[in-house]
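Biologist: Before we discuss the packing of helices, I should like each term set against its definition. Please proceed one question at a time.

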Amino acid sequence: MSETTPAVQSIAAESITIKPSRLPFIDWLRGFFILLMVIYHFCYDLDLFGYIDTAFGRGAWIPFRYVIVIGFLALVGISLVIVHHKGINWQSVKKRSFQLAIACIFVSGSSYFIAPNKITLFGILQFILVASFLVLPFINKPKLALALGIAIFAIGHSITFPLFNSIWLHWIGMGETLRPALDFLPLVPWIGVVLIGIYWGHWFISETGNKVGSFTLSEHKNKPVSKLSRFIETMGQHSLIIYLVHQPILFGIFYALEYVN
């Protein structure tokens with residue numbers, strides 16, 4: 001993830017799951033991080049169009065970005081466990097991969113028109129598409145996934161190699177330099193967060209975890225609370241769509257304001 005796209009996010013993170021496996025609290029968490037991402041991008045656009053003066057990539061924006069990316073990617077791992085812990089659901093994998101592939105093409109293509117010198121080649125959607133295949137062998141090995149995830153996350157933040165500066169290997173991570181891009185999320189260290197999410201996912205499929213996952217405030221007696229919770233849950237259920245359309249909409253609004261002024 002780079003300038004404008006935390007999320008991670010995927011980051012559109014794991015918005016496609018089979019309906020019988022949906023847990024309201026997981027949808028709420030995904031919606032919450034999508035909401036944070038929209039806020040982040042809105043602030044970025046305010047700065048880009050000169051309405052505020054701030055420095056993205058520095059100061060308080062760094063932990064804000066990390067919260068969003070880590071939240072999204074952990075949910076990718078959790079959701080993969082919920083869907084595949086009884087055996088790989090290849091129909092779901094094919095459907096989800098096809099949708100993500102189309103979305104990746106859309107994001108890369110649109111980035112060319114927005115910033116030709118910062119084309120998105122391996123952003124959060126490309127990351128989720130590749131990482132979701134790479135972690136499948138660890139779906140039912142939570143302890144190994146946790147240990148490997150922590151190791152990869154630590155290594156990715158402490159070790160660099162000039163070999164990975166190459167445009168052909170840059171997507172792996174650990175390079176000494178960063179290629180300019182609107183969105184960049186390398187496999188290392190971030191696949192480590194997905195693996196850690198797999199460990200957490202096994203808690204959510206336990207009896208206690210399933211009760212937590214089934215928790216929702218959308219039926220709360222307080223109407224504002226129930227409406228807000230339902231809104232956030234709905235955002236989580238459609239996170240991929242929101243990820244794809246929110247920036248074009250924001251850019252359209254700001255360009256319209258620029259034209260009017």
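Biologist: What makes the crossing of α3 and α4 left-handed or right-handed?

Modeller: In this predicted model, the crossing of α3 and α4 is left-handed. A crossing has that name if the near helix is turned anticlockwise from the far one by less than a right angle, and is right-handed if clockwise. Helices here are DSSP runs of H or I with at least four residues, numbered from the N terminus.

Biologist: At what angle do α3 and α4 pack, and how far apart are their axes?

Modeller: Helix α3 (residues 90-114) and helix α4 (residues 124-134) pack at about 155°, and their axes lie 8 Å apart. That makes α3 roughly antiparallel to α4, because angles over 145 degrees count as roughly antiparallel, under 35 as roughly parallel, 65 to 115 as roughly perpendicular and the rest as oblique. The axes are lines fitted to C-alpha atoms over the stretch in contact, and angles between N-to-C directions run from 0 to 180 degrees.

Biologist: Which residues of α3 and α4 meet?

Modeller: Contact means heavy atoms within 4.5 Å. Among the residues of α3 that meet α4 are V93, R96, L100 and C104, and the α4 side includes L125, I128 and F133. The residues of this contact divide into 10 nonpolar, 4 polar and 1 charged. Ala, Val, Leu, Ile, Met, Phe, Trp, Tyr, Cys and Pro count as nonpolar, Asp, Glu, Lys and Arg as charged, and the others, Gly among them, as polar.

Biologist: How do you know that the length of α1 agrees with its number of residues?

Modeller: The expected span is 1.5 Å times one less than the number of residues. For the 25 residues of α1 (residues 24-48) this gives 36 Å, and the end C-alpha atoms are 36 Å apart, so the two agree.

Biologist: What is the mean pLDDT, and where does pLDDT stay under 50?

Modeller: The mean pLDDT (the predictor's confidence in each residue, from 0 to 100) is 87, and 92% of residues reach 70 or more. Over residues 4-20 pLDDT stays under 50. Local features need pLDDT of at least 70, side-chain atom pairs count only at 80 or more, and totals for chains, interfaces and linings use all residues. Residues are numbered from 1 along each chain as its sequence is written, and side-chain values use heavy atoms, with hydrogens and water left out.

Technical notes. Helix = DSSP H or I, 4+ residues; strand = E, 2+ residues; numbered from the N terminus.
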